[in-house]
Amino acid sequence: MEKSYPTTGKALIVERLCKSYKDTKALSGVSFIAKRGELLGYLGPNGAGKTTTINILSGLLEPDSGRAEVYRIDVAADPIGVKQRLGVVPEESNLYPELTCRNNLIYAGELYGLSKSERMSRADDLLHQFGLIDRSGKPFRSLSRGLKRRLTIAAALVHSPDVLFLDEPTAGLDVVSAMKLRSLIRDINGAGTTVLLTTHNLREASDLCTRILILIGGRIVAEGTPSEISARVSSIKRLSVGLSQQLDLSDIREACKAIKSASIDGNELKVDVLDVHDAIAQIMTYVELRGGRILSIESVAPSLEDAFISILEQHGEDGN
Ligand SMILES: Nc1ncnc2c1ncn2[C@@H]1O[C@H](COP(=O)(O)OP(=O)(O)OP(=O)(O)O)[C@@H](O)[C@H]1O
Ligand SMILES: [Mg+2]
C-alpha cells in the first residue's frame, strides 16, 4: 500500500486529560503534542498513567475531562476515524493464540476493512518485513515471546497507520530479540510512522527516542530530547578512574568525603562526586597510600537513567 507521510504538523494533541478509577487518580491534567514523524518516549514508573493515556488516545477509555486529537481527528467525536489512523500494541498481546500467524494478520486486516486481496498481500508483505514468513502457517501460541511481540506489531501495522503506540514492546525479551525489535521500531519510524513508545528501559529510550516525556503520578514533569533531560542532572559529576591494579577500596567513601557513591569494576573505579577538584585530590592520596597508581581519569556524562532517578527523587518517588 503506497502512502505518503507528512513529516510536518502535529500527530497527537493531548489537552488536560484527567482520569480517575474510583478513588485512584490516574491522570491529573496531561497535555502534550507529538509532531509527525517523531519517536516520542512516554516514560514513567509503574502506575504513572502511561497505559491509561494510551487507552484514552485509542478510544478504549473515556477521560473524565480533557480532549485529544490524532492527526487532527478528535478522539471523542470520531473514534472510528481515529482507529483508522492508529496502530496499538498493548502490554499484553491481543492476537488469537490458535490462529496461524498469517491468519492473525488477515483477520486484523478484515477488522480494519481491507479488501480480501489487500489483506492477503498486506499479510504477506508484513510477514516478509518482520522476518516471519517461515512461521506463516504456525499458530501464534507456538511462537517465542520475541516473535509474538513482532507479530503483534505487524498486526498493528496492517492498515498502515500514521501513528503507532507501543506499550513496553521489549519487556521480557532477551537481549538479541530486544535489539532486533528496536531495529524494527527504528525502521517503522524511519518510514514515516509517528511512534509513541513506553518503556522501562532507559537505555532503549535514550537510543531510540527523538524526544521524551516523563510522567509521574499522572502529571508530565519533564520533557526534552534524551540529552536535554540527561543534562538536567548537572549536579551529578561522575568520574571514571583507571587504576594500575585491583585494590581493596571498601572504605573509600569514609576516606574521601567528596565522593557520593563509588563502584569498582576490575581496575576501573566509578565515582559520583560532589566536587571534582577535592575528589581527585582525595582519590590520589587514597590510592597512593594503598600502593596503587592512577592511570587515567575521565569525566562521564550522566545518563538518562541518572536523570530519571533524580527526577523521581525530586517528585518524592523511590522508583518502586
Ligand atoms: N482498570 C483499573 N481499575 C482501577 N485502577 C486502575 C485501572 N487501570 C489502572 N489503574 C490505576 O491507575 C494508575 C495508572 O495506571 P496505568 O496502568 O495507566 O500505569 P502505567 O504507567 O501504565 O504503569 P506500568 O508501568 O505498570 O504499566 C495506577 O495507580 C493503576 O493502579
Ligand atoms: Mg502500563
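Ligand 1 is surrounded by Tyr 21, Thr 24, Ala 26, Gly 44, Asn 46, Gly 47, Ala 48, Gly 49, Lys 50, Thr 51 and Thr 52. This is a predicted model, in which local features need pLDDT of at least 70 and side-chain atom pairs count only at pLDDT 80 or more, while totals for chains, interfaces and linings use all residues. Residues are numbered from 1 along each chain as its sequence is written, and chains are lettered from A and ligands numbered from 1 in the order in which they are written.

Colleague: Why are Arg 119, Arg 122, Ala 123, Leu 126 and Leu 127 of helix 4 called buried?
Modeller: They are buried because the term requires 20 or more other C-beta atoms within 10 Å of a residue's own, against 12 or fewer for exposed and partly exposed in between, with C-beta atoms placed from the backbone. They cover an arc of only 135° around the axis (taken from the directions from the helix axis to the C-beta atoms), which puts them on the same side of helix 4.

Colleague: Which exposed residues does the face turned away from the buried side of helix 4 carry?
Modeller: That face carries Ser 117 and His 128.

Methods
A residue is near a molecule or strand if its C-beta atom, placed from the backbone, lies within 6 Å of it. Helices (H or I, at least four residues) and strands (E, at least two) are DSSP runs, numbered from the N terminus.
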